[in-house]
Amino acid sequence: MIDTLRGLWYDAVQIAEGSSLGKTLARALPGKTLLLTAVLAIAGLAALATQPGSAEQRAKDLFGAKKLPALAAAQSIGFYSKGCFSGGVALPMDGRHWEVMRPSRNRRWGHPAMIALIEKLSRDAAADGWPGLLIGDISQPRGGPMLTGHASHQIGLDADIWLTPMPDRKLSAEERENISATLMVDEKTHLVKDGLWTPMHTRLLKRAASYPEVERILVNPGIKKKLCDTVKGDRSWLRKVRPFWGHDYHFHIRIGCQAGSPDCKAQEATAPSDGCDQALAWWFTEEPWRPNKNPDKPKARDLMTMANLPRQCQFVLDAPAPPSAEAVTYYGDGVPIAAVPAPAAESSPPPTVAAGAAALPASANAFVATPEIGIPLPRPRPGH
């Protein structure tokens, strides 16, 4: 300890004597300069040492630590790969036609419109003959950059669904954490394994693309090629199915910005063609699969701080949480749900987390109806 203090003192003196403040004090307070300037320099060093820890803390660590959503109006803020969201709801761990996978990640949260869509897809796909959905990552409770994995999924409007059908029994907690999804594509040829692909997979993707709010479905290029080669009749829905790296054991649904989210940044519209042209052929050249020239380059999520995100995300991060996950779990099952009555009117308007028309009410009831998007908000099942 003595050696550490002595070293700090020496460094402080060198800094003080070389600084303009130190020289000024030397002229004004001869005989006491060394002590005063060294003390000032130590204080400055301490301030510099404590500043970066809070100012430069990674956004993924802050958002990844949140276990519950921001109790505020449902709103997506920013872009799919650079933003956050408030008013999130959870998909139940089990549904009539789905099961949530990798539950320890706590990524079963999304904008109410996204969660309602998953529930609807599970019912419609079951009616089409699909055994049930295995749900992968949706979003963290408040979105934001994830601790691991995705660049997107930050504003509650993305969801991953496995191409493995749900088994005819309930998976155990251990199985949900460890069971592997089925790899549908040959990693050398980038083509679908014909022994695994079935017409039911095609029907599932077509059903997902049928909803107007779905803007994109990301799949492996090999899966896109399989659809291009086999789909007959109406092919208009193929324009929503976009090839992208990965996505060889799951498909990625992305819906558009929802009403009530003025700060949500829309993505570029897809081309009107079915996408089975030269753009797809490029994926089967050498270029897309060349080794990364800089594999050690850090990913954006590992560098993002709160300063890189929309300013409203700080308010989302600081907003109060609901009492429990169950209180904001969506139980739709296709049945309209009456909103829980809002609290009695306050004498003054509730505080907001940001100025302007896009303000998020910090004290808003999480169950208030949102008729502008027609999505029923959750309430606990009877007996919970």
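In which sense do β9 and β11 pair, and over how many bridges? They pair in the antiparallel sense, over four bridges. Two strands count as paired if DSSP finds at least two bridges between them.

Some ground rules. This is a predicted model, in which local features need pLDDT of at least 70 and side-chain atom pairs count only at pLDDT 80 or more, while totals for chains, interfaces and linings use all residues. Residues are numbered from 1 along each chain as its sequence is written, and side-chain values use heavy atoms, with hydrogens and water left out.

First, the overall picture. The protein has 11 helices and 11 strands. These are DSSP runs numbered from the N terminus: helices are H or I with at least four residues, strands are E with at least two. Of the 384 residues, 45% count as buried. Buried means under 20% relative accessible area, exposed over 50%, and partly exposed in between, with a 1.4 Å probe and protein chains only. Take contacts, meaning heavy atoms within 4.5 Å. Among those between residues at least 6 apart in sequence, 77% join residues at least 24 apart.

Back to β11. Six of its six residues are buried. In a regular strand the side chains alternate between the two faces of the sheet. Here His250, His252 and Arg254 point one way from β11, and Phe251, Ile253 and Ile255 point the other way.

Next, the nonpolar cores. A nonpolar core is a set of buried Ala, Val, Leu, Ile, Met, Phe, Trp, Tyr and Cys residues joined through side-chain atoms within 4.5 Å. The largest one has 45 residues, and Leu121, Leu205, Ile217, Phe251 and Ile253 have the most contacts inside it. Elements that each supply at least two residues include β8 (158-162), α7 (199-209), β9 (214-219) and β11 (250-255). The most comes from α5, with eight residues. Leaving aside neighbours within four places in sequence, phenylalanine 251 is in contact with residues including Ala159, Trp162, Leu205, Ile217 and Val219.

Now α8. Seven of its 10 residues are buried, so α8 is largely enclosed by the rest of the structure.

On a 1 Å grid over the protein atoms alone, a cavity is a set of points where a 1.4 Å probe fits but cannot get out; a pocket is an open set with protein on both sides within 12 Å along at least five of seven lines; lining residues have an atom within 4 Å of a point. Grid points are joined across faces, edges and corners, and a volume is the space filled by probe spheres set on the points.

Which residues lie nearest the centre of the largest pocket? They are Ala151, Ser152, Leu218, Phe244 and His247, out of 18 lining residues. The volume of this pocket is about 400 Å³. β11 gives the most to the lining, with three residues. As for cavities, there are two of 30 Å³ or more. The largest cavity holds about 50 Å³ of space, and its lining includes Val100, Arg102, Ile135 and Asp137.
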